Amino acid sequence: MDTRDGDGADGAAGSGLVNLFFDAFAWILDPANWEGRGSIPQRIGEQLYFTFAAMAVASAIAVPLGWLIGHTGRGRDIAVAITGAARALPSFGLLFLFVMIAGVLLREPSTIFVLVLLAIPPILAGAYSGLEVIDRRVVDAARAMGMTEWQILWKVEVPLGLPLLIGGLRSATLQVVATVVLVAFLGLGALGFEIVQGIALRSYDQMLGSAILIIVLALLLDAIFAILERFAVPRGVRAGRIPDVRTASSGRRATAEASATT
Amino acid sequence: MTWVWENLDLIGRLSLEHLRLSAIPILLGFVLAVPLGWVAYRYRLTRGLVLTVVGLLYTIPSLALFVALPPLLGIPYTSELNVVIALTIYAVAIMARSIADALASVDLDIKQAATAVGYSPWRRFWAVEFPLAGPVVLAGVRVVAVSTVSLLTIGVVIGIDTLGYLFTNGYQRGILAEVLSGVVVTVLIALLIDRILVALGRALMPWTRATATAPTVQQGAAS
Amino acid sequence: MMFTARNKGRFALGATVVGVSLALAGCATGDPLEEPDTGSDGDMSSETITVGSQAYYSNEIIAEIYAQALEEAGFDVDRNFQIGQRDAYIPAIEGGEVDLFPEYTGNLLQFYSPDTTATQSDDVYAELQDALPEGLQVLDQSSASDQDSYNVTAEFAEANGLSSIGDLAGVDGLVLGGFPELEERPYGPTGLQDVYGVTVEFEATGDTTVPALLDGLVNVANVFSADPRIGQNDLVTLDDPEGLFLASNVVPLASADLPAEAAEVINEVSAALTAEGLVALNVQSTVDEDSSAVIATQWLTENGFLG
C-alpha cells in the first residue's frame, strides 16, 4: 500500500509533534484512565502477569536443560539448531494459531504456551553458553580437587555462567514483553489493548500514550536485568577478569539475543 | 488443506510482497550499520554511546514503535514507510553491535602487518579487517534477516499487506489452514533468505569454505 | 589507484541501495492521522478503476463483486484489497488512489460525524451524503445491511424471556462481548445504560465474540447482522426499538469522477444484493472456505451479470 500523500504537513510537523506527545502524556496522566475496569494499572498488571507467568514456566524448563547441555556437552548441536529455527517462527501468527486450536475458553493457557515457546530458546542458549565459555582448566582443576559432578555444576559452573544466563533471561523477557503487547488481538487485554482500541477509535493520544507506557516498561525491565547481569559476576572473577567476561557476554548476546523484539 | 491449493495466488502475492518489504530493512540496515559498527569499534568513547543507544532502540516492542515513530517522522502510521523504517531501526540495532564485535575480533597482529606493508587505514579496513570480520558480520545479518521476516507480519495490524494477513483474515473466518499456511510460509521465507545469505557468504568469502572456520571465528569473537 | 575506484564503487553501491530502498518503500509524509491534500492524481481513474476493500472478509467479497462487474462492463480494474482501517483507506480514497470502495452507511457516517443522531436507514443515508467531503460520493445504498446488533443464545433468551434489548434491564450479571472499540462507542455500555437502562460489564472478545458467547464467556454479543453464525448457532438478535444502533446498509463509496457508466453498473449490483444474499456470501466464505473471486463470480452469474 503505497500512499502518495502530499507533503503539506512539513511546516506544521514541529508544533504538531509537540501537541501529539502532549496529548499522549495528558492521556497517561488523566485520572479517569487510572481507575475502574480497563484502567492503566490493570493493563500494566495484565502485561506483567503474562510476561512473568511465561518466564517462570520457560525458566523452569530451559535453565536445567541448558545446564545439562552445558555440563555434559551433549545435545549442543540439537539445541543450537532448535534455537536458530525457533527464531524464524512468527510469534504473532502462533498466537492466533494456538488459540484457534485450543478454543476460546483456553485462550489464556494457549497464549502462555506460545510465550513459553518463544522464551525457551534464548534462556536455553544463555544457560548452556554460560557453562561453555568457562575455561576448561577451571573445571578440570575442580575435578582434580575431588569435587563431585554436582559440586562442579553448583559451585563452579553455575556461578561462573550466571552473567550469560541472565543475559539470556534478559533477551527472553524483552521478547516476551513485546509479544504480550499482541495478546490484545485475542481479547486478553494488556497494554496492547489501548493501541488496538485506539486504532479503531482514531484516538491517537490513547495509541501513543500506551505505546509510551509499553516502551517505558520494556526499558525498565531491561535496566533491571542489566543491573542483575553486572552483579552476577562472582566477586573473585570481577577483580581480575572483567574485560574478558564482558566481551564474552556482549559477543554472545549479539547472537543469543537474536529475535528479542516482536 | 484444500484452502491452500485454492488460494495459491493469494499466498504467492503476499509472499512476494513480504519478500520485498523484508529485503529493504535488511539491506538498508546493513548499509547503515557498517559505519555505525565501525565507530563503535574504533573509539572507546563512542562505543558505549552507540551500543547503549542501539541497545535501547532494540528494546522497544514493535507495535509500540509502529505507533510512536510516525509523529517523530511526520508520516501517517498506516504508511509502508513506517514499517520499513521501524524494521530498519531493529536491523541497525542488531547489526551495529555484531559488526563492532566482529571488527574487534580481528587479530591485532594481522592489522599491524597490513599497516606495515603500507595499507592506508581506509584500504586496510576494506581489504583486511572487514573481510576477516565477515563471518561474524554474516552471523549478525542472518539474525536480522530472520527476525525481520517474522516481525513484518505484525505490519498487517496497521494495514500493511504482508503474510500477517493470513493470520488476521484466517482468524476472522475461522480457517485454521489459512493461519497455519501463514506461519509455514513465513518460516519458509525466513529460511530462504537465510540460505541466500549463506550462499552469498560462501561466494564472497571463499576462504571460509575451505577451512570451515566460521564457527571458530565466532567463538573467537565470543571469548 | 584502483582501490580508490573500487571504494568509490562501494560507496555508489551503498548509495544506490539506500536510494532503491527508499524508492521501494514509497514516500509518504504528513501527520499520523492527517488526511492528505487531495492531489491531482485523479487523472488515472478515467482509464483504470481501482477498487479497494477493508480487512474484513465480507467487505472483500463485495469489492470483488464490484471489480468483476466492472470488468464485465469493459473497464480495466485494479484491486487494492484489505487496506485495513478506515484511517488507512479513507485518505487513499480522498487522495484519488482508490476510486471505489464498499462501505456501510452507519459506520461511515460515524466516521465523518461522530455525534450524529440519525439511526434509520434513509436518514443515515441522507445525512451521509451531506457529511462527505468534496470529491467523494456515495452511490445508491443496497437493501443489504451489515450493522452492529446485540445477540444472545437461544437458551439464554428463553430463560430470561428476552426479545428486545430493553428486556435485558432486569437481568443480573450481564457481560457484553465485542470489538475493543465497542467500549467507547455511543451504542456500547454507556448507550445501553442511557437508552435501555441495561447495565453490562464489557469484555473485549474481538474476532472470537461468537465463540465467546457460545462458550459462556459473555452472555450478550455484538455481532454484525450479516454474520452467518447468527443463523448457524440459533442466536437471537435482540430488537432495537429505540434505535440504539445506526442502520448500516452496504453502500459504494466512490470518487466524484467515477465514470457514469461505472456508477450505473455498481448501482445495479447494489439493487441485486439483498440482506439474505449477503449472509449467503459470507457463508460461502466461512463455511465453504471459497475465495472471494470464486464467490463473486458465482453470485454475478446467478444474478445475470455474467453470462
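**A colleague's note on the predicted model**

1. Chain C holds twelve helices and ten strands; helices (H or I, at least four residues) and strands (E, at least two) are DSSP runs, numbered from the N terminus. Please keep in mind that this is a predicted model, where local features need pLDDT of at least 70 and side-chain atom pairs count only at pLDDT 80 or more, while totals for chains, interfaces and linings use all residues. Residues are numbered from 1 along each chain as its sequence is written, with chains lettered from A and ligands numbered from 1 in the order in which they are written.

2. On confidence, the model scores ipTM 0.86 and pTM 0.83. Chain C has a mean pLDDT of 85, with 84% of its residues at 70 or more; pLDDT is the predictor's confidence in each residue, from 0 to 100.

3. Please take care with two stretches. Residues 1-11 of chain C stay under 50 in pLDDT, and the model gives them three contacts beyond four places in sequence. Residues 20-30 of chain C are also below 50, yet this stretch has 32 contacts beyond near neighbours in sequence. Two residues are in contact if their C-beta atoms, placed from the backbone, lie within 7 Å. Where pLDDT is low, the predicted coordinates should not be read in detail.

4. Now the domains. An automatic or database assignment sets the domain bounds, and for chain C it gives domain 1 (41-145 + 247-302) and domain 2 (148-237). Taken over C-alpha atoms, the centres of these two domains of chain C are 28 Å apart. Their contact takes eight residues from domain 1 of chain C and five residues from domain 2 of chain C. Helix α11 (residues 275-286) of chain C gives the most to the domain 1 side, with five residues.

5. Helix α7 (residues 149-180) of chain A and helix α9 (residues 204-231) of chain A pack at an angle of about 175 degrees, with axes 9 Å apart. Axes are lines fitted to C-alpha atoms, for helices over the stretch in contact, and angles run from 0 to 180 degrees between N-to-C directions. The angle therefore makes α7(A) roughly antiparallel to α9(A), a term for angles over 145 degrees. Residues that meet here include A:P163 and A:I166 in α7(A), and A:L217 and A:A218 in α9(A).

Terms used:
Angles under 35 degrees count as roughly parallel, over 145 as roughly antiparallel, 65 to 115 as roughly perpendicular and the rest as oblique.
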